[in-house]
Amino acid sequence: MKRLVVMVLLLTSLGAVAQKNDGHKSRRSPKMDLTAEQMATLQTKKMTLALDLTKAQQEKIMKLQLDEATLRKEKWEEMKAKKESGKWQEPTSEERFEMENARLEHQIALQTKMKEILNDEQYQTWKKMKKQKAMHGKKKMQQRGSRG
């Protein structure tokens, strides 16, 4: 009887472990199903609520967000196409440096544009929101990495 119980437990635990688990790779980002215009509109409305933007600021932010969303969507599609075609390779350290450098330059330019559009109080609030979002993203990445 003891052996039967041990065998049943062993088989059920083996069955649970053997289930297919693609992890975070199987989940597509729901935001990438949206068009660039939709992403920009949503982001602009969120910023309007958080920062109490004027109509003129909303229009400028919308244009900026549309440019950002279009760029993000293009890069995402490009990466997706590379992975599906099998041409994607791990970037070299030099390529990583150049990508990170370009990303940081782009962020500096975006920050400068936001500073021109927003008043001082709105700009400080936007910086705090951005920092909180970055910290939240880091936590998610750490959780994802710790799961193996």
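**View 1. Helix α4 spans 36 Å from its first C-alpha to its last.** Its 25 residues bring α4 close to the 36 Å expected at 1.5 Å a residue, the expectation being 1.5 Å times one less than the number of residues. Helices are DSSP runs of H or I with at least four residues, numbered from the N terminus. The model is predicted: local features need pLDDT of at least 70 and side-chain atom pairs pLDDT 80 or more, whereas totals for chains, interfaces and linings use all residues. Residues are numbered from 1 along each chain as its sequence is written, and side-chain values use heavy atoms, without hydrogens and water.

**View 2. Leu110, Met114 and Ile117 are the buried residues of α4.** Buried denotes under 20% relative accessible area, exposed over 50%, and partly exposed the range in between (1.4 Å probe, protein chains only). Leu110 touches Leu64 and Glu68 (heavy atoms within 4.5 Å), residues up to four places away in sequence not being counted.

**View 3. The largest nonpolar core comprises eleven residues, including Met47, Ile61, Tyr123 and Trp126.** Such a core joins buried Ala, Val, Leu, Ile, Met, Phe, Trp, Tyr and Cys residues through side-chain atoms within 4.5 Å. At least two residues of this core come from each of α2 (36-51), α3 (55-85), α4 (93-117) and α5 (120-146). The most, three residues, are given by α4.

**View 4. Val8 lies in helix α1 (residues 2-17).** Val8 counts as partly exposed because its relative accessibility is 44%.
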